[in-house]
Amino acid sequence: MTDVVIIGAGASGLVTAIVAGRRGKKVLILEKNNKVGKKLLATGNGKCNIGNQRPTLERFYSHNPKFIAQVFEGYGYQDIKQFFKSIGLELIEAKEGKVFPMSLQASSVVELLISECEQLGIKIICDAKVKKVSFRDNSFSLEYNDINMKSKKLVLATGHCSAPQLGGVMDGIGFARSFGHNIIKDFPTLVQLTSPFKEQYLSRMAGVKVESRVTLNTKSGTIQKQGDVLFTNYGLSGLAILDISRKVMEELKSTPEVTLEIDLMPKMSIEQLHSMMKKSLLKKSLKPLEIWMQGFINKKLILPILEPLKLEDETIGSIASNLEKLEPIVSKIKCFSFKINGNKGYKGAEVATGGIDTKEVEAHSMESKKQKGLYLVGEVLDVDGDRGGFNLHLAWVCGLRAGEAL
Ligand SMILES: Cc1cc2nc3c(=O)[nH]c(=O)nc-3n(C[C@H](O)[C@H](O)[C@H](O)COP(=O)(O)OP(=O)(O)OC[C@H]3O[C@@H](n4cnc5c(N)ncnc54)[C@H](O)[C@@H]3O)c2cc1C
């Protein structure tokens, strides 16, 4: 009988295996994909934002925030750095505390993890989809590819259903439920957002990427994110949109639509923008306003700004002679309202919220409180983090804790 079977050769499963293997345990990993770490290979656009130097609690979300604090207690960034050093992977630190492998290649992270598993005699079987798990006669029974096997301990490192094209599934959630675990309902996060605006309105702006500041006003306060916003024919994408998507999805639980206010020129104050635009107006010019605006804003955004203000037929001269008409244009550039009614679904999402209720998991060991010998690590748990390396950070810490406990 194997000491430990780990379901899932992703981030959390591989670390759990290595740490337990180093402590002399006989470990087997079953992976349904045809290769190890498929999602890991896609992280950080192939560069793998492996962690964050400042994993403060407000960067993580769970129905049970106490659990996050307990998981991180005594496990800092240095522990992750130390672990990766021990498998030969050097890390570099970038802006906003983000951490990457020095090679800037997710593939080197996966290959060094696999190589360490091989050296420790940890067996990884790919194309092995676990279909059933149960606990009988003091051991776990598993079924994969019509093979039945037994194990003393079982680790669910199955991830969640984000990015199904990379292997994201709900299998681990089902297994946990079969052991009596409560499941917190999920929704996609770090995801593109859809808009109810008419297709032709959206397609006019599609493809434009602008460094913006995005604001969401909620009853509990204002949330702002700065970064790229990409207009698309379904709605909005870009890093600022992924960053604000979790809060937007929370708001959409109680209302069919929310409005995002997009500051298309966040580096200028409203006064600076007004003054710059005013200076460039010529009273005698008969040129269309649309031509003048191309001097400072993407052409595809001009009519969506002017049409709702009914200013699309004005000339430069007519605005110069009636400066009251300039103010709504400036305001619209600084606060471009965009209705949002949903998201692009799990295919575009980096992470799933929700998962196994962490009230039923021991934070120091990741062991289930429902089933002795069952360990739960990574995204399958009801914990998710912001973009910036926080999700992998969590997966590694879960793996370190579970591996040591095993
Ligand atoms: C495109 C993209 C980019 C991302 N970039 C980053 C980033 O740069 N930084 C960051 O911190 N986070 C990033 N994330 C999030 C991060 O990848 C995940 O949070 C992390 O991989 C979760 O680790 P895990 O071990 O819980 O699950 P996973 O890494 O998803 O591993 C779970 C494994 O279990 C296997 N499995 C599931 N069910 C079964 C079964 N029944 N039988 C056998 N095997 C099974 C799956 O095939 C999978 O390989 C990104 C996600 C995506 C989709």
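**Figure 1. How much of the protein chain is buried.** Of the chain's 406 residues, 46% count as buried, meaning that 20 or more other C-beta atoms, placed from the backbone, lie within 10 Å of the residue's own. Please keep in mind that this is a predicted model, in which local features need pLDDT of at least 70 and side-chain atom pairs count only at pLDDT 80 or more, while totals for chains, interfaces and linings use all residues. Residues are numbered from 1 along each chain as its sequence is written. Along the principal axes, the C-alpha atoms fill a box of roughly 90 × 40 × 35 Å. The chain has 14 helices and 23 strands; these are DSSP runs numbered from the N terminus, with at least four residues (H or I) for a helix and at least two (E) for a strand.

Figure 2. Domain 1 takes in 2–186 + 353–405, and domain 2 takes in 192–344, with bounds from an automatic or database domain assignment. Their centres, taken over C-alpha atoms, are 41 Å apart. An unreviewed UniProt entry annotates residues 188–351 as "domain: RsdA/BaiN/AoA(So)-like insert"; such annotations may be inferred rather than shown by experiment. The end C-alpha atoms of residues 188–351 lie 6 Å apart, and this span is 35% helix and 26% strand.

**Figure 3. The shell around the ligand.** Here you can find 42 residues around the ligand, of which Gly 8, Gly 10, Gly 44, Gly 159 and Gly 378 come nearest; a residue belongs here if its C-beta atom, placed from the backbone, lies within 6 Å. Helix 1 (11–22), helix 2 (38–42), helix 6 (171–178) and helix 14 (390–405) each give two or more residues to this shell. By class, the shell has 18 nonpolar, 16 polar and 8 charged residues. Nonpolar covers Ala, Val, Leu, Ile, Met, Phe, Trp, Tyr, Cys and Pro, charged covers Asp, Glu, Lys and Arg, and the others, Gly among them, are polar.

**Figure 4. Strand 6 and its partners.** Look along strand 6 (residues 98–101): Lys 98 and Phe 100 point one way, Val 99 and Pro 101 point the other way, and all are buried. Strand 3 (residues 51–52) runs antiparallel to strand 6 and is joined to it by 2 bridges; strands pair if DSSP finds at least two bridges between them. In this pairing, Gly 51 stands opposite Val 99. Strand 5 (residues 91–93) is also antiparallel to strand 6, with 3 bridges, and Leu 91 has Pro 101 as its bridge partner.

**Figure 5. The hairpin of strand 5 and strand 6.** Between these strands are 4 residues, and in this hairpin Glu 96 takes a positive phi near 60 degrees.

Note on methods. A residue is buried if 20 or more other C-beta atoms lie within 10 Å of its own, exposed if 12 or fewer, and partly exposed in between; C-beta atoms are placed from the backbone.
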